[in-house]
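Q: I am new to this structure and would like to go through it step by step. Could we begin once it is displayed?

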Amino acid sequence: MFHNLFEGEAVAEALEIIRTQFPMALWETFYVTVLSTLFAVIIGLPLGVLLVAGEKGGVLPLPPWLMKALNVLINLLRSVPFLILMILVFPLTRLIVGTVVGTVASIVPLVIAAFPFVARLVEGSLREVNPNTVEMAQSMGASPFAIITRVMIPESVPSLISNFTIAITTILGYSAMSGIIGGGGLGKIAINYGYYRYKYLIMFVAVILLILLVQLFQTAGTKAAVRSDKRLKK
Amino acid sequence: MIEIRHLSKTFRTADGTVEALKDVSLTIPDGDIFGIIGMSGAGKSTLVRCINMLEKPTEGSVALDGVALETLSKKELRTVRQKVTMIFQGFNLLMQRTCLKNVCFPLALAGVPAREAEKRALELLDTVGLKDKANAYPAQLSGGQQQRVAIARALATQPKVLLCDEATSALDPNTTASILELIRDINRRLGITVIIITHQMSVVESVCSHVAILDQGTVVEQGEVGEVFSHPKSAAAMRLVFPEGSPDAPVAAREGERFIRVVFNGAHATGTPLIARMAAQEGIEANIAYASTRSIGDKMFGSMLLGLTGGEEAVSHAIDFLTQMPDVLAEEVSVHVS
Ligand SMILES: Nc1ncnc2c1ncn2[C@@H]1O[C@H](COP(=O)(O)OP(=O)(O)OP(=O)(O)O)[C@@H](O)[C@H]1O
Ligand SMILES: [Mg+2]
C-alpha cells in the first residue's frame, strides 16, 4: 500500500506541500484546539463544580431532579460519536458562526463534544479534595461559594491541570477528525492527501506533527501540574 | 457559657437508625478547659459537631451565651462560627497554600483586607512559635507544626470557644504535651473556652479542669477531673481508669488494699525506680496493679495503679512522695462499682 512512499516525485511533492500548506495547517490545528479547550473549560468547569457541590450532602445541594437532568445531559452528549455530533450540531454551528464548514466552524462541535467530558474530569478532580478540608472551611463559617472558590478549586489545581491536559490532547484528536467535514488543520491535510489521493508521505508527516503536538501539550501539562503541587516536598 | 440541653442526634442510614447522642446535657463555663472523653463511637465527634451546628441536632438545644444556635439562620451561623472555631485530628490545612495563607483563610472569609490579615497572621504564627515557617507549605512541616498552624488559624478570628476534636491523637506523646501546653497557654492568656474531645485519659488529666464521660451517646459522668477520675462510678469511667482488665481484679487482690493512680505527663523519671525508691526511702511497699507507661527520650508518659496495704497513712505518704516529682500526678482511687 505504501509502495510509493519515498519515490523521488512523491518526496518532491511532499516537500512542496509541507512548505506551502503545513505552517498554516499547524497553526489552525493549534488555535482550534486551544480555543475549543478554553471554551470547553469555561462551560465544563462550572458544570463539574455543580456535579460535586450540588449533590446530596454537597456544599450547595441542588434539587435532585436538576442533578438528574444535568447528569443525563452530560451522559447523553458524551455517548454521541463525534462524527455524528458534528452533523447534529450543524444548525447551532450555522447560528453561531454563519457557516458549517471551515476551521472556525469546527470549534462549535468540538466544544459541544468536549465540555461534558471536561465536566466529568473536573468532577473527578474536585472529588479528590479531602472532605475534612471542606468541613474545616464550613466550621470556619465559609459560604458555599467561598468553599468552592477558595477551597475546592484551589486545592485541586494540580489535578485540574492534569485533567485539562488530557482534555486538550483529546480535543486535538477530535479536531483532526473534523477535517472530514470541512474543518481545517493537519487533520484535513492528512485526510485529503493520504485518504483521497494516496499521498501517504504527506499523511505521515501530518500525523507525525500531530503526535509531536500531543507530546508538547502533555509534557507542558505534566510539568505545570507537578510544579503547581505544593503537597510534594521539593 | 455553652449550655447543651437534652441534645439528641439520630442518624438515618441504609441499615437503620443510629442514636449517636441521647439526651445529653452539659454546661461549659466560660474560660474553662472542658474535656469530653469516651471510647471510639461514643458520639464525641457528633457532640462537638453539634456545638457548632455542623450537625443539626435531632432534638434539644445548644446555647452560646444564651443564644440558641439551632434557631439561627445559615448566615447567622456563619458569623457564630467565626467565634467558635475548631481544630482537628488531621489538622485539615489547605495543602496548596503557605502557612501564612492558611492562617489568613478565616480572616479573608471574614472580609479582613489582605494586608491587615497577613499582619495578624504573622503575629499568630509567632504566638505558636512558627514565624519562620510563614512561607513554608504544610507538607514541609511535621504533624506538630501543622497542628500549631491550625491553632493559629483557629485563633485568627478571635474566637470565644476553641473546639478540639482529637487534636493530639495523631501526635506522639512529646508533641502532644507541647500542643496541650500551647492550648493551656492560649486558654490562660486569651481566656478562650476550650473543649477537648479525646479518648486519652492523659490528655484530660494534663489540661482539663472539668470532664464529661460519654458512653454510647450518653453522658454517664461529669464534674471536676480529679473528682471524676478518683471516684469512678460508671462502668465507662471504670474502663478509663482501669484500662486493661476489670476493676475487680485489683480490688480483690489483698485485704485492706487501697489504690492510687499515678499519672506521668512527661516526668523526668523512669517508673519502676520511682516505685523502688519509694520503697527504699520511704518504706512504702507498693504493688503495681496496673501499668501502662511509655518513655520517650528521658520523659515518661502514661499511668499506673498502685496497691497499698498500709492504710490511710501509707496512702497520703505515698501521694506526697510521688507528687513532689515534677509532672507526676497521684490520687487515691475508690473502686466501688455502683
Ligand atoms: N454521618 C453519619 N451517618 C451515620 N452514622 C453516623 C454519622 N456520624 C456518626 N455516626 C455514628 O454515630 C456514632 C458516633 O460517632 P462519632 O463519630 O461521634 O464517634 P466518636 O466518639 O467521635 O468516635 P471516634 O473516637 O472513633 O472518633 C457512631 O456509631 C457512628 O457510626
Ligand atoms: Mg471522633
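Q: What pattern does chain A follow along the sequence?
A: Read along the sequence, chain A has the pattern α-α-α-α-α-α-α-α-α-α-α. The chain contains 11 helices and 0 strands. Helices (H or I, at least four residues) and strands (E, at least two) are DSSP runs, numbered from the N terminus.

Q: What kind of model is this, and how are things numbered?
A: This is a predicted model, in which local features need pLDDT of at least 70 and side-chain atom pairs count only at pLDDT 80 or more, while totals for chains, interfaces and linings use all residues; side-chain values use heavy atoms, with hydrogens and water left out. Residues are numbered from 1 along each chain as its sequence is written, and chains are lettered from A and ligands numbered from 1 in the order in which they are written.

Q: Which scores come with the model?
A: The model has ipTM 0.89 and pTM 0.86. For chain B the mean pLDDT (the predictor's confidence in each residue, from 0 to 100) is 89, and 93% of the residues of chain B reach 70 or more. Where pLDDT is low, the predicted coordinates should not be read in detail.

Q: Back to chain A. What does its C-alpha trace span?
A: Along its principal axes, the C-alpha trace of chain A spans about 75 × 50 × 30 Å.

Q: At what angle do helices H5 and H6 of chain A pack?
A: Helix H5 (residues 90-97) and helix H6 (residues 107-127) of chain A pack at about 125°, and their axes are 9 Å apart. Axes are lines fitted to C-alpha atoms, for helices over the stretch in contact, and angles run from 0 to 180 degrees between N-to-C directions. H5(A) and H6(A) are therefore oblique to each other. As for the term, angles under 35 degrees count as roughly parallel, over 145 as roughly antiparallel, 65 to 115 as roughly perpendicular and the rest as oblique.

Q: Which residues meet there?
A: Leu92(A), Thr93(A), Ile96(A) and Val97(A) in H5(A) meet Val108(A), Pro109(A) and Ile112(A) in H6(A), where contact means heavy atoms within 4.5 Å. By class, this contact of H5(A) with H6(A) has 6 nonpolar, 1 polar and no charged residues. Ala, Val, Leu, Ile, Met, Phe, Trp, Tyr, Cys and Pro count as nonpolar, Asp, Glu, Lys and Arg as charged, and the others, Gly among them, as polar.

Q: And how do H7 and H8 of chain A cross?
A: The axes of helix H7 (residues 131-139) and helix H8 (residues 144-155) of chain A come within 10 Å and cross at roughly 140°, so H7(A) and H8(A) are oblique to each other. In H7(A), Thr133(A), Val134(A), Ala137(A) and Gln138(A) meet Ile147(A), Val151(A) and Met152(A) in H8(A). The residues of that contact divide into 5 nonpolar, 2 polar and no charged.

Q: Now chain B. What is the order of the 4 strands in the open sheet?
A: The order is E2-E1-E4-E5 (chain B), and the pairing is antiparallel. Strand E2 (16-28) and E5 of chain B stand at the edges, each with a single partner strand, so one side of each has no neighbour in the sheet. Helix H1 (residues 44-51) of chain B packs on this sheet and touches E1, E2 and E4 of chain B, with its direction at about 120° to that of E1(B).

Q: How many bridges join E1 to E4 in chain B?
A: Strand E1 (residues 2-13) and strand E4 (residues 59-64) of chain B are joined by 5 bridges and run antiparallel. Two strands pair if DSSP finds at least two bridges between them. Ile4(B) stands opposite Val62(B) in E4(B).

Q: What do E4 and E5 of chain B form?
A: E4(B) and E5(B) form a hairpin with 2 residues between them, and Asp65(B) in the turn has a positive phi of about 50°. Leu64(B) stands opposite Val67(B) in E5(B), and Ala63(B) is opposite Ala68(B) in E5(B).

Q: What is the order of the sheet of 6 strands?
A: This open sheet of chain B has the order E6-E7-E8-E3-E9-E10, with mixed pairing. Strand E6 (84-88) and strand E10 (218-224) of chain B are its edge strands, each pairing on one side only. Strand E7 (residues 161-165) and strand E8 (residues 193-198) of chain B pair in the parallel sense over 5 bridges.
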